[in-house]
Amino acid sequence: MTAHDYTLIAASQSPDDALNEVRHLVNGAWIDSADGATFERLSPAHGTLVSRIALGGAPETEAAVAAARKAFDERVWSTMSGKDRATVLLKVADLIDANSARIARLEVLESGKPISQAGAEIMGAADLWRYAAALARTLHGDSHNTLGSDMLGVVLKEPIGVVSIICPWNFPFLIVSQKLPFALAAGCTCVVKPSELTPSTTAILGELLIEAGIPAGVVNIVQGFGDPVGSIMTTHEAVDMVSFTGSTAVGKAIEKATADTLKKVSSELGGKNPQVLFPDADLDSAIDAIVFGIYFNAGECCNSGSRIIVHEDIAEEVTRRVVELSRKVPFGDPLHPDTKVGAIIHQGHFDKISSYVEDAVAAGAKVEIGGAALSVDGMDGAFFAPTVVSNLTPDMPIAREEVFGPVLSVLTFKTMDQALDLANGASYGLSAGVWSENIHTCLEFSRRVQAGTVWTNTWMDGFPEMPFGGVKESGQGRELGRYGLEEFLEVKTVQMRIGRTRANWI
């Protein structure tokens, strides 16, 4: 690809920072791995060494689970008042704000995402901690005074126990903040494993938790890989629940792994999220939302609007305008404040994205723009060009499967039923969008589409108050909102007899 085809931002800032040393947090103390093993993380955009990380194994994971179990069983956190738990969570939020620049820069260097985006995500994460703090003070059960004059029924809601939290690489600080503060608000204790590709900001969060006064053992962080760290976290008999965000394939493996101990599993998995455009759509707004939806975070986003389903009367115009706007999206150095799209997380994932496009072309698809690497001056990382692919059939993998890159699939329809068949035809059901000026069209689509979140005349707005999660192979359970707190609670029924009113059986 030549530079004049796209808006490219050359390397403009030095990524040279002091080497970031990352360790495990176990029972309130920072520790190295028992065998001293470490691994390193290079910046996917700059190619420079960013972090050296302690490589966790069975000893560190077992110790973390034991610390969380002991803290929960000794009730050092769960029996605190909601007010006291909220006070700690609010302190964490303030500390996130105070350390936001440091957190954002490390996230950029490890993930390749733009600095402006990372900064916004850190601000959003602080807001999640504040919202969870508010929920900690509003936990309540129910009472039933309708069981007769001699009975009172009480429904208690109690923390589920020890929670293993396993987070992905694409939104490392934001996603841990969609889980951890809600688990803590409920009174649980936790073991957290960040992705081995983006470990540093979760370790910073551990520092902030200690500074905020979290008791030892309530939050433990183990660095390392899915095998053995994640495997132990999902199978250990002392763990009561697993909260996982990642691929559908790994989510299915976790479901199988937890079967022997019947743990609760809450999972947020993949998506092949459609935006459906009817002929009366506001195209100026819709085109911008389509471009945002597919290129945000380089398409490495479970909520990516990775396919559009366009009425045939406007399909040609929509495709042309999406291609035109795609050329204007600034790709390049993620440390530059004007960059909108940075580097792909690693070369293996870049190759996977490329293979989807190549296979589609071989099957007869047309690449309207992109489909290959971008060369950015001064950058060593892998940048994938903004890509739009048309002339697809619904059975092509690129039209059904999660590419997880800046690749947009274009499909067309004639009727509402056809649009819904296409939207619901994938195995996923995370998000969907509909564009129409007719409220009846929007409502009918919203009620019939199989998705956990539906946006009408917008895309990827989010609020802490609104629950998030998917149906079908996009996972089970919900994060955020009051429903996100409920995931970490068990319901207990207490039936109280008033007076000596029980009739003897014999």
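1. A helix axis is here a line fitted to C-alpha atoms over the stretch in contact, and the angle between two axes runs from 0 to 180 degrees between N-to-C directions. The structure is a predicted model, and the points below should be read with that in mind.

2. Take α3 and α6 as the opening case. Helix α3 covers residues 100-111 and helix α6 covers residues 200-212; their axes come within 9 Å and cross at roughly 155°. Angles over 145 degrees count as roughly antiparallel, and α3 and α6 are therefore roughly antiparallel to each other. On the α3 side the contact uses Arg 102, Ile 103, Leu 106, Glu 107 and Glu 110, which meet Ser 200, Thr 201, Ile 204, Glu 207 and Leu 208 of α6. By class, the residues of this contact are 4 nonpolar, 2 polar and 4 charged.

3. Helix α2 (residues 82-98) packs on helix α5 (residues 172-186) at an angle of about 160°, and their axes are 9 Å apart. The pair α2 and α5 is therefore roughly antiparallel. The crossing of α2 past α5 is right-handed. Helix α2 contributes Arg 85, Leu 89 and Ile 96 to the contact, while α5 contributes Phe 173, Pro 181, Leu 184, Ala 185 and Ala 186. Which classes of residue make up the contact of α2 with α5? There are 7 nonpolar residues, no polar ones and 1 charged.

4. Helix α1 (residues 58-73) and α7 have axes that come within 9 Å and cross at roughly 30°. Angles under 35 degrees count as roughly parallel, and that makes α1 roughly parallel to α7. Here too the handedness can be given: α1 passes α7 in a right-handed crossing. Ala 58, Thr 61 and Glu 62 of α1 form the contact with Pro 228, Val 229, Ile 232 and Met 233 of α7. The residues of this contact divide into 5 nonpolar, 1 polar and 1 charged.

5. Pro 228 is found in helix α7.

6. A further backbone detail concerns Phe 404. Its phi is near 60°, a positive value in a residue other than glycine. Phe 404 sits in the loop between α12 (397-400) and β21 (407-413).

7. The largest pocket holds about 920 Å³ of space. It is lined by 30 residues, and the closest to its centre are Gln 178, Met 460, Asp 461, Gly 462 and Phe 463. Which elements each supply at least two residues of this lining? They are α4 (115-136), α5 and β23 (453-456). Helix α4 gives the most, with 6 residues. The lining of the largest pocket consists of 18 nonpolar, 8 polar and 4 charged residues.

8. Two or more residues of the lining come from each of α7 (226-235), β12 (241-245), α8 (248-257) and α11 (347-362). The largest share, 5 residues, belongs to α8. By class, the lining of the second largest pocket has 14 nonpolar, 12 polar and 6 charged residues.

9. Helix α7 links several of these points. It packs against α1, contains Pro 228 and gives residues to the lining of the second largest pocket.

Technical notes. Residues are numbered from 1 along each chain as its sequence is written. This is a predicted model: local features need pLDDT of at least 70, side-chain atom pairs count only at pLDDT 80 or more; totals for chains, interfaces and linings use all residues. Side-chain values use heavy atoms; hydrogens and water are left out. Helices (H or I, at least four residues) and strands (E, at least two) are DSSP runs, numbered from the N terminus. Angles under 35 degrees count as roughly parallel, over 145 as roughly antiparallel, 65 to 115 as roughly perpendicular and the rest as oblique. A crossing is left-handed if the near helix is turned anticlockwise from the far one by less than a right angle, and right-handed if clockwise. Contact means heavy atoms within 4.5 Å. Ala, Val, Leu, Ile, Met, Phe, Trp, Tyr, Cys and Pro count as nonpolar, Asp, Glu, Lys and Arg as charged, and the others, Gly among them, as polar. On a 1 Å grid over the protein atoms alone, a cavity is a set of points where a 1.4 Å probe fits but cannot get out, and a pocket is an open set with protein on both sides within 12 Å along at least five of seven lines; lining residues have an atom within 4 Å of a point. Grid points are joined across faces, edges and corners, and a volume is the space filled by probe spheres set on the points.
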